[in-house]
Amino acid sequence: MDSGKIKVIQINIPKDSNIIFGQSHFIKTVEDISEIVISAVPGIEYGLAFCEASGPCLIRTEGNSEELIKAASENANMLGVGHSFILFIRKAFPINILNAIKNCQEVAGIFAATANPLQAIIYETSQGCGVLGVVDGFSPKGIEADEDKKARKEILRKFGYKF
């Protein structure tokens, strides 16, 4: 048995952006996710990094925001997980593109879609690294009261998701 080690990696999410962190199986992922993002929301800004898991094992990138491309590639390099991808977006929310990304034929799964602080739990072996899970945001502090329900509903309306 290959004795590896568990690492907790803090993902650095750029200000005013969201992340979609997932796993896919093919280099075509870079172009297909880019097409999904660009066609979904006019004016969306994005940076994508995909970690190739065979051949030259490069971090492949695309995007229309140099800041988000740089952040995605730096985080992907820090994680070191083959066939994973990091997508940072601005001027949109994951809800706007998540189902299309899940339905992308190369995407095997999504670990997180959030704007919260995010940690990846990584297991490193002699072959490489894999994702065990993520820590998305913080633990609950209690159960919502009536005023919390009202605030939740108001924020959905502010974002335009409810009438």
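## An exposed lysine in a loop

In this predicted model, Lys-91 is exposed, with a relative accessible area of 61%, where exposed means over 50%, buried under 20% and partly exposed in between, using a 1.4 Å probe and protein chains only. Lys-91 sits in the loop between strand E5 (84-90) and helix H3 (98-102); helices (H or I, at least four residues) and strands (E, at least two) are DSSP runs, numbered from the N terminus. Although Lys-91 is not a glycine, its phi is positive, at about 65 degrees.

Residues are numbered from 1 along each chain as its sequence is written. Local features need pLDDT of at least 70 and side-chain atom pairs count only at pLDDT 80 or more, while totals for chains, interfaces and linings use all residues, and side-chain values rest on heavy atoms, with hydrogens and water left out.

## Salt bridges

The side chain of Lys-91 meets that of Glu-45 in a salt bridge (3.0 Å, N to O), the term meaning a side-chain nitrogen of Lys or Arg within 4 Å of a carboxyl oxygen of Asp or Glu. Because Lys-91 lies in the loop between E5 and H3 and Glu-45 in strand E3, this pair ties together parts that are 46 residues apart in sequence. Glu-45 is partly exposed, with a relative accessible area of 22%, and a network of salt bridges links Glu-45, Glu-67, Arg-90 and Lys-91.

In the whole structure, a search finds 12 salt bridges. Among them is the one between the side chains of Arg-60 and Glu-52, at 3.0 Å from N to O, in which Arg-60 is partly exposed at 27% relative accessible area, whereas Glu-52 counts as buried at 12%. Another joins Arg-152 to Glu-144, with the closest N and O atoms 2.9 Å apart; here Arg-152 counts as partly exposed at 37% relative accessibility, and Glu-144 counts as partly exposed at 35%.

## The nonpolar cores

The largest nonpolar core has 20 residues, and those with the most contacts inside it are Ile-11, Ile-19, Phe-21, Leu-79, Ile-86, Phe-88 and Ile-122; such a core is a set of buried Ala, Val, Leu, Ile, Met, Phe, Trp, Tyr and Cys residues joined through side-chain atoms within 4.5 Å. At least two residues of this core come from each of strand E1 (5-11), strand E2 (18-24), E3, helix H2 (66-79), E5, strand E7 (118-124) and strand E8 (129-136). The largest share, five residues, is supplied by H2. Apart from this core lies another, of 19 residues, which includes Ile-89, Ala-92, Ile-97 and Val-107.

Leaving aside residues up to four places away in sequence, Ile-122 touches Lys-5, Ile-6, Lys-7, Ile-9, Leu-79, Val-81, Cys-129, Gly-130 and Val-131, a contact being heavy atoms within 4.5 Å.

## Helix H4 and the segment after it

Helix H4 (146-158) has 13 residues and reaches 18 Å from its first C-alpha to its last, close to the 18 Å expected at 1.5 Å a residue, where the expected span is 1.5 Å times one less than the number of residues. Just after H4, Gly-160 takes a positive phi of about 85 degrees. Tyr-161, which lies in the segment after H4, counts as partly exposed at 32% relative accessibility.

## Another positive phi

Cys-57 is placed in the loop between strand E3 (45-51) and strand E4 (59-63). Its phi is near 50 degrees, a positive value in a residue other than glycine, and Cys-57 counts as partly exposed at 46% relative accessibility.
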